[in-house]
Amino acid sequence: MSQVDEREESFEERPDPLDEAAIEAVAAAAMEPGAVSPEPEDAGPVEPIVERCERLSLDVPTRLRLFQACCRMIHGEHQRGRILGDLTAPRLGLTADDEPAEIPPLPDLDPEALDACTSPEQVLGEPLTTAADVYALGAILYELLTGRAPVDVDPSDPSATAKAISEQAPERPSRAAPGDRRAAIGRDLDAIVLEALRKEPERRYASAAALADDLDASFAGLPVRAGRTSEWGRVARFIGRRKWVVGVSTAALLGMIGWGWWMIHRTRDLTDQLDRAGEAAAGTQRVMALMTDRLTDDEEPTDDDGELRHDLLTAAREHYERVLSANSGEAPEAKIDAADAKSRIAAIDLALDHKAEAAGGYLTAADMWRDLAYEHLGDPGPAFRLAEARAGLSRALDAGTKGSAAEAALAPLELARENYRVLADSQPSESLYRRRLARVLYDEADLQRRLGKTSAALAAARSAVSLLEELAWTRPRDVETRVAASAAFGRLARILGDRDDGLRGAYEALNRAVLLLDATPEPARESPRIAFETACRLIDLAELQRSAGGVQPAAATIARASLLLDGLLVKAPDDVRYRIEAATALNMEAEILRAQGLRDEATARLDRARPLLDRLVAEHPTERRYVVGLAVSRGVRGRMLIQAGKLPEALKSFQGAADLLDGLKDQDREAADAYSLACNLSLGLTLIGAKEGGKPIEDDADPSLTPADRARRKVYGRRAVAALRQAVAKGWNQPDLYRNDPVLDPLRRRDDFRKLMIELAASPEPAAKP
């Protein structure tokens with residue numbers, strides 16, 4: 001479930017439970033279709049969205065952005081328990097500021113009259129649900145794109161109209177649209193519109209928000225959920241947009257055939273091993289324990305073995321469920337076997353991303369091991385397993401967020417830390433206890449940082465670094481320990497970097513991480529793990545050098561990181577970790593070269609990063625880091641195109657970057673992503689209406705701007721300020737940055753931006769950088 005997009009959920013779990021809730025709320029409130037929510041007092045004149053777009057001759061992307069805002073307004077009404085039921089194109093409007101608004105129906109309008117926006121189930125007299133409003137939105141979107149209704153309606157002939165609504169299939173918008181709009185529509189938009197206009201309510205979008213989300217995916221160039229519901233259909237459309245995928249896929253398919261045969265034999269071998277192990281209980285326990293430990297300790301499993309790993313973990317879980325049932329007695333050996341089984345079941349649940357089940361299992365296991373530790377005082381075994389269970393409970397409770405979830409995860413982690421500390425002090429020669437203590441301290445540093453407890457985070461990170469650095473020097477050929485120590489230095493650097501006075505300390509921490517890795521003796525030094533970890537720390541170091549103004553040192557550092565990653569990609573071109581770090585390094589190199597005025601070299605780096613990022617986003621369209629990496633690449637290219645005077649191309653780059661960032665789910669979008677979204681929109685705003693070889697247009701009142709240009713600039717400005725507000729809400733409360741960043745200059749004349757700055761000036765303390 002962790003890899004499933006929210007958007008996919010909305011399609012697989014129909015009907016939407018909101019429908020029932022909405023119906024109940026409507027019944028309770030005795031609201032009839034056609035009731036209108038009170039308009040804001042300062043809404044001003046409202047014009048139907050279709051009329052506004054036609055009057056200003058707006059382009060397709062701007063029409064869609066305005067329509068998205070209307071979808072989210074309707075979704076808000078649904079969340080408040082209200083279904084409109086009589087939504088039509090004349091009733092969906094925009095204020096003078098392009099804010100969505102609902103227009104009351106005309107007083108003499110027959111509420112029973114059929115319209116092109118009337119859903120088929122309403123024609124049949126079925127109960128009203130939110131799906132009816134989704135259908136109406138689809139009909140309005142169709143008219144926005146084509147200039148006409150999706151079905152032929154004749155007000156004077158209700159029977160013919162009812163038949164058309166129920167039976168007539170709308171023509172594809174790309175065919176029905178005027179010639180100047182067809183190229184901008186394409187198959188994805190066709191699929192989205194027709195999905196909203198499905199005759200069967202359960203086959204439409206689950207909500208108005210889901211319709212808006214799919215438009216976001218289309219903007220970002222990601223696979224949409226509409227149309228072909230099979231995975232093959234979505235892949236085919238994606239390949240249609242990126243022709244290079246065909247060649248890569250053909251080559252990959254040949255490799256996959258051979259790999260598939262190997263995996264079949266491998267699976268049979270593993271199954272045979274498990275069958276033979278089942279003949280002897282002791283052998284089974286040993287084999288299953290080893291396999292489970294290896295699978296649950298793999299924090300970064302590759303995509304290639306994901307299905308096999310899932311199957312093996314599921315089989316292991318069933319095995320330990322049987323062990324748990326067979327050891328329900330009070331005999332000492334039975335109690336230990338039962339506690340062991342419970343711990344391993346929890347570890348498997350966590351590895352399968354079933355966090356709630358894992359938390360419950362770890363809690364029970366911790367109680368069992370605590371009792372056993374009291375019964376076996378002096379035996380480090382139960383005490384160690386108690387610490388393991390508490391650390392596992394913390395990981396299961398950690399949602400990766402701030403606030404109460406982080407507090408809940410911290411409590412068992414602190415108990416685990418003390419358990420490990422006692423074990424490490426009692427047996428200083430046992431390196432396992434110190435490694436586990438360091439890992440707990442590493443996790444604690446992250447939790448304390450998220451909770452804003454910088455001093456506690458620094459103390460934990462420094463303790464982890466001290467333990468791991470000592471272990472690394474005493475065990476020079478232990479690759480895992482060196483990698484863990486380097487990662488701990490990296491976390492220490494991030495915590496120090498949050499402080500205004502911590503940049504020097506962060507720089508020293510990263511330098512020590514690189515020195516530690518460079519000192520790895522042969523042959524361990526040739527390990528890909530060492531090369532990859534070195535590249536990661538060099539990227540962190542280059543970013544720090546660049547932010548401090550050291551362009552030349554940053555250029556040398558990032559060049560070394562790129563060289564290491566190039567070597568790793570030669571050996572393992574499909575490794576996802578190598579690809580994203582290589583793309584990150586190339587993006588940074590491009591930014592540094594652009595700042596140095598070396599545009600050709602910068603362009604070459606972006607050209608190398610693009611296929612890496614395109615492929616990552618194609619394979620993992622919901623993975624935040626890959627989407628953000630592609631957005632960064634497009635943003636850098638846009639700045640270079642401005643320098644070259646290619647303003648229309650630059651606008652497309654900034655728009656592409658903004659669409660990618662806007663397509664992230666709110667819960668996935670970090671504060672830095674929201675700020676980057678605002679910057680791309682602000683830069684793009686000045687290019688709307690600008691000509692090739694000209695200059696960006698700063699003033700919205702410039703006489704060369706058409707009414708459509710001005711309307712589009714309004715949309716960009718409003719989206720930019722909304723993104724800044726989201727950055728503030730997510731913790732990036734940096735008034736000095738907003739006040740001084742020249743990228744935000746095009747927004748400064750806007751009333752909503754001034755209001756935001758006034759609010760920031762009145763807020764207490766600027767938050768730490770996210």
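Predicted model: local features only at pLDDT ≥ 70, side-chain atom pairs only at ≥ 80, totals over all residues.
## The chain as a whole

The protein chain contains 33 helices and three strands. Of its 770 residues, 49% are buried.

## Helix 16 and its end

Helix 16 covers residues 332-351, and its 20 residues should span 28 Å at 1.5 Å a residue; the C-alpha atoms at its ends are 29 Å apart, which agrees with that expectation. Helix 16 is followed by D353, a residue whose phi is positive, near 70°.

## Helix 16 against helix 17

Two packed helices are described by the angle between their axes and by the distance between those axes. For helix 16 and helix 17, the latter formed by residues 355-375, the angle is about 155° and the axes are 8 Å apart. Because angles over 145 degrees count as roughly antiparallel, helix 16 and helix 17 are roughly antiparallel to each other. Their crossing is left-handed.

On the side of helix 16, the contact is made by K335, I336, A338, A339, D340, K342, S343, A346, A347, D349 and L350. These residues meet K355, E357, A358, G361, Y362, T364, A365, M368, W369, L372 and E375 of helix 17. Sorted by class, the contact of helix 16 with helix 17 comprises twelve nonpolar, three polar and seven charged residues.

## Helix 31 against helix 33

A second pair is formed by helix 31, residues 707-729, and helix 33, residues 751-762, which pack at an angle of about 15° with their axes 10 Å apart. That angle makes helix 31 roughly parallel to helix 33, and the crossing in which helix 31 passes helix 33 is left-handed.

Helix 31 contributes R718, V721, L724, R725 and V728 to the contact, while helix 33 contributes D752, F753, K755, L756, E759 and L760. In the contact of helix 31 with helix 33, six residues are nonpolar, none is polar and five are charged.

## Buried residues within helices

G138 lies in helix 6, which runs over residues 130-146, and it is buried, with a relative accessible area of 0%. Although G138 and L197 are 59 residues apart along the chain, their C-alpha atoms are separated by 5.5 Å. When neighbours within four places in sequence are left aside, G138 is in contact with V193, A196 and L197.

Q448 is found in helix 20, residues 431-450, and its relative accessibility of 5% means that Q448 counts as buried. Leaving aside neighbours within four places in sequence, the contacts of Q448 are with L410, E414, K453, A456 and A457.

A671 lies in helix 30, which covers residues 671-685. With a relative accessibility of 4%, A671 also counts as buried, since the term applies under 20% relative accessible area. A671 and A729 are 58 residues apart in sequence, and the distance between them in space is 8.0 Å, taken from C-alpha to C-alpha.

Notes: Residues numbered from 1 in each chain as written. Heavy atoms only, no water. Helix = DSSP H or I, 4+ residues; strand = E, 2+ residues; numbered from the N terminus. Expected span 1.5 Å × (residues − 1). Axes fitted to C-alpha atoms, helices over the stretch in contact; angles between N-to-C directions. Parallel < 35°, antiparallel > 145°, perpendicular 65-115°, else oblique. Left-handed = near helix turned anticlockwise from the far one by under 90°. Contact = heavy atoms within 4.5 Å. Nonpolar A, V, L, I, M, F, W, Y, C, P; charged D, E, K, R; others polar. Buried < 20%, exposed > 50% of the residue type's maximum accessible area, 1.4 Å probe, protein only.
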